[in-house]
Amino acid sequence: QVKEIINYIKQKKDLHVGLLAAGIYFPFLFLGYGSDYDTYRVLWVGRNFVETLDYVPSRVPGFFVFETITYSLDNIGGSFLTNFGSLCMSLVIISIFMFICKRYEIPNYRFLAIILMVHPYFLVNSTCTMDYLFALGFTLIGFWLLLKGKFYLAGFAMALGIGSRLTIAVVAGLLLLWMFIF
């Protein structure tokens, strides 16, 4: 019973890391889509596709998964909701990062998660409409599912990551190689 209490307290500390990230990121969600002009091309792709049923990628080769998610969120709640989607995906990434660190017994994993949380690249992409965190988030969900032994769902999640940004295929490949070796 003491072990259960200790595990409960540890889980609460992990939750505090996520709440800290949400608290840091939330005020920035009201500042529009972000400064990257690619975001506006992504928004145009969704609107154009719905109006004409002609898919013209925002950038070659296209990021259909992210473009579809962004169009849907933008239609429902504008820039706030698209940015909120990025925030949610960043919280998923931080949570899975801590899970992986715990699984491989990496010390001070919460401190590492906080470093990830405040890294300028991660912080900015957690508060604007951009595809990087969606791609990484789906790929890490796939890795988490691999660790849980759910191989088909893992493949689907990693495919969503690659469909969000093609270059994440390198990360997905390295994670699959890691699972094969270890």
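**Notebook: helix packing, a surface patch and some backbone details**

I began with two helices, α1 and α4, and found that they run roughly parallel to each other, because the angle between them is about 10 degrees and angles under 35 degrees count as roughly parallel. This is a predicted model, so I keep that in mind for every entry below.

**Entry 1: the α1 and α4 pair.** Two packed helices are described by the angle between their axes and the distance between the axes. I looked up the distance too: the axes of α1 (residues 2-25) and α4 (residues 109-118) lie 11 Å apart. Next I listed who makes the contact. From α1 come K10, K13, D14, V17, L20, A21, I24 and Y25. From α4 come Y109, R110, A113, I114, M117 and V118. Sorting these residues by type, I got 10 nonpolar, four charged and no polar.

**Entry 2: salt bridges.** Side chains of opposite charge can pair when their charged atoms come close. How many salt bridges does the structure hold? I noted seven. One that I followed up joins the side chains of D14 and K102, at 2.7 Å from N to O. D14 sits in helix α1 and K102 in helix α3, so I was pleased to see that this pair links distant parts of the chain, 88 residues apart. D14 is also on my list for the contact of α1 with α4.

Entry 3: I found a patch of about 1300 Å², with Y104, F111, W178 and F182 among its residues. Which element gives the most to it? My notes say α8, with six residues. Both α4 and α8 (168-181) give two or more residues. I106 also belongs to the patch, and I placed I106 in the loop between α3 (64-103) and α4.

**Entry 4: the loop between α2 and α3.** Most residues other than glycine have a negative phi, and most peptide bonds are trans. I looked for exceptions here. L53, in this loop, has a positive phi, near 60 degrees. P61 is in the loop between α2 (37-52) and α3 as well, and the peptide bond from V60 to P61 is cis, with omega near 10 degrees.

How values were computed
Residues numbered from 1 in each chain as written. Predicted model: local features only at pLDDT ≥ 70, side-chain atom pairs only at ≥ 80, totals over all residues. Heavy atoms only, no water. Axes fitted to C-alpha atoms, helices over the stretch in contact; angles between N-to-C directions. Helix = DSSP H or I, 4+ residues; strand = E, 2+ residues; numbered from the N terminus. Parallel < 35°, antiparallel > 145°, perpendicular 65-115°, else oblique. Contact = heavy atoms within 4.5 Å. Nonpolar A, V, L, I, M, F, W, Y, C, P; charged D, E, K, R; others polar. Patch = residues over 30% accessible without salt bridge, like charges linked within 9 Å, V, L, I, M, F, W, Y side chains within 5 Å. Areas by Shrake-Rupley, 256 points an atom, 1.4 Å probe, with all protein chains shown as cover. Salt bridge = Lys/Arg side-chain N within 4 Å of Asp/Glu carboxyl O.
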